[in-house]
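Student: I have a model open on my screen. Please show me how to read its features.

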Amino acid sequence: MPTPLTRTIPITEPLDLRRTLLPLQRGTGDPTMKTGEGEVWRATRTPAGPASFHVVHEGERLIVEAWGPGAEAALERAPGWAGLLDDARGFRSHHRLIADLHRRLRGVRLTNTGGLTETLIPAVLEQKVTGLEARRAYRRLTLAVSEPAPGPADLMLPPDPADVAALPSFRFHPFGVERGRAERLIGLCRRAAAIDALAALPAAVARMHLESYPGIGPWTAAEVARLALGDADAVSVGDFHLPNVVSWALAREPRGTDARMLELLEPYAGQRGRVQRLLEAGGITAPKFGPRADIRAIERI
C-alpha cells in the first residue's frame, strides 16, 4: 500500500467530527464513506483525480491521511470537509430550544466540501422519495458504475458524472429510479463542469444559479449548498418533514407549511440552514400522526 500524504490541522473551536460529516453519508450502506467515533473515512473525486482520506480527531488537532492522485487536493479540502471553515460566532438564538441545541451541539459544523456535483447526484436521487429509497438507489448506482477508491478502507469512489451522463435512462430502473429522476440526473451530470465551477461564487449566489438548472428546485439547491458550500442560510423548502419539525420546535404547532416555516425562521435570516441542521442533529421531530410517505420498490414495477 502506498504511503499516504498526511496533514495535521489545529482545532481552536469545539468539533463533533462524526455528527458534522454524517449528513454526507447516505446511510450505513454508503460505499463511499465510513464513520466512527472521532474518525471518518471518505472517498472523493478532485480536479487532480480520485482520492480517499482518513480524518481522526485527536485532542486539539485533526490528523488527515490521503491516498491517490487527488491526495494533495483532498488534504487541501480537509478543513472544509471537517467543518472548520464554518463560522457560527454571529449566530443568535431567538427561542429557548434553539439556544439549548446551539449550546449542546457547538461541535456540529456545516461542511464545505467544494464538490457540488458529487453532492448533487445523491440529492437528485432523494427528490420526492423516502430516505430508504434514495439511499438504496445511491448505493446501487455507485456499485454499478464506479470503481474502487485508492487507499486501505475498501471504499468505492462516488459516481463519475461523465459515467452517469452516459447511461440511458432505462439503466436506472434496476437502481429503483424512475425515468423522470433518471433524465434529470443525466442532464445535470452533462453540465457537471459548469455546476462545479459555481463553487468559486459566494454561497447564496451559487445557490441562486443552481436553481436555474432544469431539475434543481429550492430543496435540491439548498441541500447541495448547505453541504458542499457551507451555506448557513440554505433551508430545504419543499421537504416532506421539515415544515412540521420547524413549526413544532418554534411554535408548538404539530403541522406546518413551507410558508409557515419560513415565517418562523425569519428571525434567523442568514442562518436558517444552521437552525435546520441543529434541529436535525438534535433529533427534533414533530408528533407522528397523519399520512406518511410510501416506500416504493420502483425496480419491481
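Tutor: Start with a term. A polar contact is a pair of N or O atoms within 3.5 Å; within protein, one must be able to donate a hydrogen and the other to accept it, and residues adjacent in sequence count only if both atoms are side-chain atoms. Now the ground rules. This is a predicted model, where local features need pLDDT of at least 70 and side-chain atom pairs count only at pLDDT 80 or more, while totals for chains, interfaces and linings use all residues. Residues are numbered from 1 along each chain as its sequence is written, and side-chain values use heavy atoms, with hydrogens and water left out.

Student: Which side chains make a polar contact with the side chain of His-54?

Tutor: Glu-39 is one partner, at 2.6 Å. Trp-41 is another, at 3.5 Å.

Student: Where is the place of His-54?

Tutor: In strand S4. Strands (E, at least two residues) and helices (H or I, at least four) are DSSP runs, numbered from the N terminus.

Student: Is His-54 buried or exposed?

Tutor: Buried means under 20% relative accessible area, exposed over 50%, partly exposed in between (1.4 Å probe, protein chains only). His-54 has a relative accessible area of 9%, so it is buried. Contact is a separate idea: heavy atoms within 4.5 Å. Leaving out residues up to four places away in sequence, His-54 touches several residues, among them Val-40, Ile-63 and Trp-67.

Student: How do strands pair in a sheet?

Tutor: They pair through backbone hydrogen bonds, either parallel or antiparallel. The working rule is that two strands pair if DSSP finds at least two bridges between them. Here five strands form an open sheet, in the order S1-S5-S4-S3-S2, with antiparallel pairing. The edge strands are S1 (5–10) and S2, each pairing on one side only.

Student: How many bridges join S3 and S4?

Tutor: Eight, in the antiparallel sense. Ala-43 stands opposite Ser-52 in S4. S3 and S4 form a hairpin, with two residues between them.

Student: Which strand pairs with S1?

Tutor: Strand S5 (residues 61–67), over six antiparallel bridges. Leu-5 has Ala-66 in S5 as its bridge partner. Helix H2 (residues 71–81) packs on the sheet, touching S1, S3, S4 (49–58) and S5, and its direction makes about 20° with that of S1. For that angle, axes are lines fitted to C-alpha atoms, for helices over the stretch in contact, and angles run from 0 to 180 degrees between N-to-C directions.

Student: Why do the buried residues of H12 line one face of the helix?

Tutor: First, the general idea. An α-helix has 3.6 residues a turn, so residues three or four places apart point the same way. In helix H12 (residues 258–265), the buried residues are Met-261, Leu-264 and Leu-265. Seen down the axis of H12, they fall within an arc of 95°, so they line one face. That arc is taken from the directions from the helix axis to the C-beta atoms. Their cover includes H11 and helix H13 (272–281). The face of H12 turned away from the buried side carries the exposed residues Ala-259 and Glu-263.

Student: How many salt bridges does the structure hold?

Tutor: A salt bridge is a side-chain nitrogen of Lys or Arg within 4 Å of a carboxyl oxygen of Asp or Glu. The structure holds 17. One of them joins Arg-26 and Glu-126, with the closest N and O atoms 2.6 Å apart. Arg-26 lies in the loop between H1 (17–21) and S2 (33–36), and Glu-126 in the loop between H4 (116–125) and H5 (131–145), so the pair ties together parts 100 residues apart in sequence. Both Arg-26 and Glu-126 are buried.

Student: Which residue meets Arg-42 in a salt bridge?

Tutor: Glu-118, at 3.1 Å, N to O. Arg-42 sits in strand S3 (residues 39–46) and Glu-118 in helix H4, 76 residues apart. Arg-42 is buried, at 4% relative accessible area. Glu-118 is buried too, at 14%.
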